[in-house]
Amino acid sequence: MNTISQAEFEQLDHKKLLMRAIELGEMAREHGNHPFGALLADLDGNILLEAENTAFSDNDFTRHAETNLLSEASRTYSTDELANMVMYTNAESCVMCAGTAFFTGVRNVVYGLSADRLAELWIIEGNKKPIVLDMSCRQVFEASPYYRTNVIGPMMEEEASAAQIGYKNPQT
């Protein structure tokens, strides 16, 4: 499985695609779900798949934006193809979603809001104890000695924070 290099990955224009992931997070919130969105793009910047968090509308708390996206992606593309695509998320992937990205073969990730900043925002907004496992997506990806995952983030945190501000998580 050949993947793009870190240098090639860093040369891609990420802002436009990350803005779309941020919009998807805003749409998820409008649909009554956690405010998270994700998309998968090829190396030419074409959006291949998009997904929102559907935890409340599907009554399934594993339906994070990334798991929705990657479930479809794994049915549509081979692991070799996925290794040369980029997943964009409006916020840093949780442990479950980072693990899902790893096991489906995604080796390039860009995220907006850091998990630490997300937790701060949610606590400020009255969510007493955010439901998180305190492990960055980088820690999850670095747990593999054999498969490298390129990661850029946090990026555009101010824009990525917008959907989180004022959000009250019904789970807490």
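Q: Which residue of S3 is the bridge partner of Ala38?
A: In this predicted model, the bridge partner of Ala38 in S3 is Thr89. The general idea is that strands of a sheet pair through backbone hydrogen bonds, and that they do so in either a parallel or an antiparallel sense. Here S1 and S3 pair in the antiparallel sense, and four bridges link them.

Q: In which sense do S1 and S2 pair, and over how many bridges?
A: S1 and S2 also pair in the antiparallel sense, over five bridges, and Ala41 stands opposite Ile47 in S2. These two strands form a hairpin with five residues between them, and in its turn Gly45 has a positive phi of about 85°.

Q: What is the order of the strands in the sheet?
A: The sheet is open and has five strands in the order S2-S1-S3-S4-S5, with mixed pairing. S2 and strand S5 (150–152) stand at the edges and have a single partner strand each, so one side of each is left without a neighbour in the sheet. Neighbouring strands are turned against each other by 15° on average, if direction is ignored.

Q: Across which strands does H3 lie?
A: Helix H3 lies across S1, S2 and S3, and the direction in which H3 runs is at about 140° to S2. The buried residues of H3 are Ala65, Glu66, Thr67, Asn68, Leu69, Leu70 and Ala73. Among the elements that cover these buried residues are strand S1 (37–41), strand S2 (47–52) and strand S3 (86–91), together with helix H4 (79–82) and helix H5 (95–104).

Q: How does the distance between the end C-alpha atoms of H3 compare with the span that its twelve residues should have?
A: Helix H3 covers residues 65–76, and at 1.5 Å a residue its twelve residues should span 16 Å. The end C-alpha atoms of H3 are 17 Å apart, which agrees with that expectation.

Q: How many aromatic pairs are there?
A: A pair of aromatic rings is described by two quantities, the distance of the centres and the angle of the planes. The centres have to lie within 6.5 Å, and planes over 60 degrees apart count as edge-to-face. By this rule the count is three aromatic pairs. In one of them, the rings of Phe56 and Phe61 have centres 5.3 Å apart and planes at 85°, so this pair is edge-to-face. Phe56 counts as partly exposed, with 26% relative accessibility, and Phe61 also counts as partly exposed, with 38%. The rings of Phe102 and Phe103 have centres 5.0 Å apart and planes at 85°, so they too form an edge-to-face pair.

Q: Are Phe102 and Phe103 buried or exposed?
A: Phe102 is buried, with a relative accessible area of 15%, whereas Phe103 is exposed, with a relative accessible area of 69%. Phe102 and Phe103 belong to one aromatic cluster together with Tyr147.

Q: Where does Asn59 lie, and what is its phi?
A: As background, most residues other than glycine have a negative phi, and most peptide bonds are trans. Asn59 has a positive phi of about 50° although it is not a glycine. Asn59 lies in the loop between S2 and H3, and at 66% relative accessibility Asn59 counts as exposed. Met156, another residue other than glycine, has a positive phi near 60°. Met156 lies in the loop between S5 and H8 and is buried, with a relative accessible area of 17%.

Q: Which two residues are joined by a cis peptide bond?
A: The cis peptide bond joins Gly153 and Pro154, and its omega is about 0°. Pro154 has its place in the loop between S5 and helix H8 (157–161).

Methods:
Residues numbered from 1 in each chain as written. Predicted model: local features only at pLDDT ≥ 70, side-chain atom pairs only at ≥ 80, totals over all residues. Heavy atoms only, no water. Phe/Tyr/Trp six-rings, centres within 6.5 Å; stacked < 30°, edge-to-face > 60°. Buried < 20%, exposed > 50% of the residue type's maximum accessible area, 1.4 Å probe, protein only. Expected span 1.5 Å × (residues − 1). Contact = heavy atoms within 4.5 Å. Pairing = 2+ DSSP bridges. Axes fitted to C-alpha atoms, helices over the stretch in contact; angles between N-to-C directions.
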